[in-house]
Amino acid sequence: MPMFELELTPQGRRRVFLRGQFPFFIGAVFVAVVIAVAYPEAYESWLVIVAYVLIVSSTLVAYFVPWERFNPMWMMPLPIIDLIAVGLLRAELYQVLAAAAILAIFPILWLAYGFFKYAVWTAALGAAFITSFTYIYNQTLPATPLEWANVITLPVLIVVMARVVQVAARQLRRRGEQLTKANAKQAEALREALDNQILARSILNTVNAGVAFYDSNGQLRLANELASQMTESVGFSIDTPPYAGEQVRAADRVTPIPFDQQIIPRALRGEEMAEHMEWLGPPDQQAAIIASTRRVLREDGELLGTVIVAYDVTDLATAIDVREQFLKTVSHELRTPMTSIMGFLDLIDDAVDPGEKKIHEYLAVVSRKSQDLMERIGELLAAADREDPLQIVSTDVDRVIELAVEAVRERAAARGITVERIGHRDIHARVDGRRIRQVIRELLVNAIKFGREHSAITVAQELRGDRVRISVTNRGAGLGRGEQGLIFDRFYRTDDARRRAIQGFGIGLTFVKNAVAAHEGRVFIDSDVDNGSEGLTSFTIDLPV
């Protein structure tokens, strides 16, 4: 905070006046009153009259002159004039009121603090003038060592005091500047924080997702409007415990979820979820959400809070249900007449004269194509069947793989492809054997369909700690990176499959991924080419034992 420095404003000038000149003026007035009461004849001396003329003049000039328009150094004559006035008063009052010289402290402090560092010597000269003017006025010299000491002591003490004040002023000024910079940085940081908060809220209210942040004590600190609307539809407030409602159902839209198993309570207990699905609201107004949660930690590992993000996927979930229902309906409607067709084909084949070889050949072709169509219908039914629960039991993995290989051996032989097995044989795992057999069979069927004729397919199995890995490798058209990211999407077919008119709906690998995921496993793809040309392609499933 400035004390004697002039700020270039009228308020700054008045502040300097009140701190520099005005206290000196008040002290001079006090001395004038004391003189009037105790020594009125002093007013007959021209020294006193001139001194007070100087004091009043410098005070008026200090207050009324707009110093802020000039260089602040132009104010330096004011404290010098004050020192001269004090010297005149001391010369007259030295014998009766020596304390009047104390008035010099005000202009000396002003010089030492408010101006450049060499002003301290100006203050010393002023003090020397005060102590020596009496002898100059009386046209005498100090006659004793004590009188010389009176002349010298005050300037020396003034220099020391002024220097101390100047050093303290410099430190105070430096600290003031540091404080000003710190305050500016803090203000800038606060302004930036407020801007970031406004920006964050604007973003949160713009994104099509409900977002909420709870601190480490479970108190809501931030949430957008969509998050509040989601919880209100269930019947509870997002900022009020128990953060759960009665109208919350599981993915089947029927099973109620207990309060302590709903999204927010689980997240606040420290559970992290990814793409967890729930249905909110009454049965006739249900909305589907997919939520993910994550704990937020500081760099030192201290818990900062928990973030919850939820997306409204009602339209998507409804579309999926419609699609699944369509698949089921179409599959059943196709399966019934196809069963009849295949039955009548058998009857026709039995009724035709064995000598009619050409007709039997035609019937065999129709029968094979009908069987292929029945398999496609079966794939559609499998894709639409999402309610088939897993039957987890201890299973001989070697036996499961062998059954899958036997199921496709004839089809492989038709293309001149051999199936080889390598790896550990004595492996048991807690899996649904039927489902895993279907997974391996689907991988083998793909390897046969897309593999090169007269090549070999390798089925490998190995135990890695508490995981079992089963891989199916074939030589044929490779998978580019773009295709590897889409290959598990339902109904997706590669360019090679369409170009070669390979039969299929593109749902086999979707079944593989879902079945393995249901076992808490993973599927990996390794293709040694990235442009779709011929190479080795391997699908590996990783399952817990």
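Student: What should I know before I start?

Tutor: The model is predicted, so local features need pLDDT of at least 70 and side-chain atom pairs count only at pLDDT 80 or more, while totals for chains, interfaces and linings use all residues. Residues are numbered from 1 along each chain as its sequence is written, and side-chain values use heavy atoms, leaving out hydrogens and water.

Student: How are two packed helices described?

Tutor: By the angle between their axes and the distance between the axes. Axes are lines fitted to C-alpha atoms, for helices over the stretch in contact, and angles run from 0 to 180 degrees between N-to-C directions. Here helix H12 (residues 433-450) and helix H15 (residues 508-518) pack at about 145 degrees, with axes 9 Å apart. Helices are DSSP runs of H or I with at least four residues, numbered from the N terminus.

Student: Which residues of H12 and H15 make the contact?

Tutor: Contact means heavy atoms within 4.5 Å. H12 contributes Arg435, Gln438, Val439, Glu442, Leu443 and Asn446, and H15 contributes Gly508, Leu509, Phe511, Val512, Ala515 and Val516.

Student: Which residues of H15 are buried?

Tutor: Buried means under 20% relative accessible area, with a 1.4 Å probe and protein chains only. In H15 these are Gly508, Leu509, Thr510, Val512, Ala515 and Val516.

Student: What follows H15?

Tutor: Glu520, with a positive phi near 60 degrees.

Student: Where does Arg253 lie?

Tutor: A charge sits over a ring if NZ of Lys or CZ of Arg is within 6 Å of the ring centre and within 35 degrees of the ring normal. Arg253 lies over the face of Trp279, 3.8 Å from the ring centre.

Student: Is Tyr214 buried or exposed?

Tutor: Tyr214 is buried, and Tyr243 is too.

Methods:
Buried means under 20% relative accessible area, exposed over 50%, partly exposed in between (1.4 Å probe, protein chains only). Helices (H or I, at least four residues) and strands (E, at least two) are DSSP runs, numbered from the N terminus.
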